[in-house]
Amino acid sequence: MEEEWIDRHQEYTWINVKTQEAVLPDTNQLVLENIEFISKETEEGWAWLEPFITWENQHPQRRLLLIGTDMTKGMVPLEKSDRIWRDRTGFLYQMVMEEAEHAYVVWFGIAEQLK
């Protein structure tokens, strides 16, 4: 399944936004991992993503792959800051889903296509 998401025959840039500064790449494929941490740092998660979406739309060979952890299910966090983070993440994921051409949920290595 991963072969469908990333063309291993082309160079790609993989950025973990939790630990690395996200910058526009010089490759045609960009993976942004742990995008839920965008919501932890700012209410403007979508504005943070816009330059990357614009980058992808500027050339037909470019591909942007966003990976995030679904933290919107299960127990509601006790700490107010964690509840706010969870809500912001849910709103960010909704906006990403509206714009995405394809979307998958991967659970225990099994991918289910949503869109």
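How many residues does the largest nonpolar core have, and which of them have the most contacts inside it? The largest nonpolar core has 16 residues, and Leu30, Leu32, Leu49 and Leu64 are those with the most contacts inside it. This is a predicted model, in which local features need pLDDT of at least 70 and side-chain atom pairs count only at pLDDT 80 or more, while totals for chains, interfaces and linings use all residues. Residues are numbered from 1 along each chain as its sequence is written, and side-chain values use heavy atoms, with hydrogens and water left out.

**Nonpolar core**
- A nonpolar core is a set of buried Ala, Val, Leu, Ile, Met, Phe, Trp, Tyr and Cys residues joined through side-chain atoms within 4.5 Å, where buried means under 20% relative accessible area, exposed over 50% and partly exposed in between (1.4 Å probe, protein chains only).
- Strand 2 (29-33), helix 3 and helix 4 each supply at least two residues of this core, and its largest share, five residues, comes from helix 3; helices (H or I, at least four residues) and strands (E, at least two) are DSSP runs, numbered from the N terminus.
- Leaving aside neighbours within four places in sequence, leucine 64 is in contact (heavy atoms within 4.5 Å) with Leu30, Leu32, Phe52, Ile53, Trp55 and Glu56.

**Aromatic pairs**
- Four aromatic pairs are found in a search of the whole structure; rings of Phe, Tyr and Trp (its six-membered ring) pair if their centres lie within 6.5 Å, and planes under 30 degrees apart count as stacked, over 60 as edge-to-face and the rest as tilted.
- The pair of tryptophan 48 and phenylalanine 52 is tilted, because the ring centres are 5.3 Å apart and the planes stand at 35°.
- These two residues, tryptophan 48 and phenylalanine 52, are four residues apart in helix 3 and so are separated by about one helical turn.
- Tryptophan 48 counts as partly exposed at 29% relative accessibility, whereas phenylalanine 52 counts as buried at 5%.
- The rings of tryptophan 107 and phenylalanine 108 form an edge-to-face pair, because their centres are 5.0 Å apart and their planes are at 85°; tryptophan 107 and phenylalanine 108 are both exposed.

**Serine 39**
- Serine 39 lies in helix 2 (residues 36-41) and is buried, with a relative accessible area of 1%.
- Leaving aside neighbours within four places in sequence, serine 39 is in contact with Trp85, Arg88, Thr89 and Leu92.
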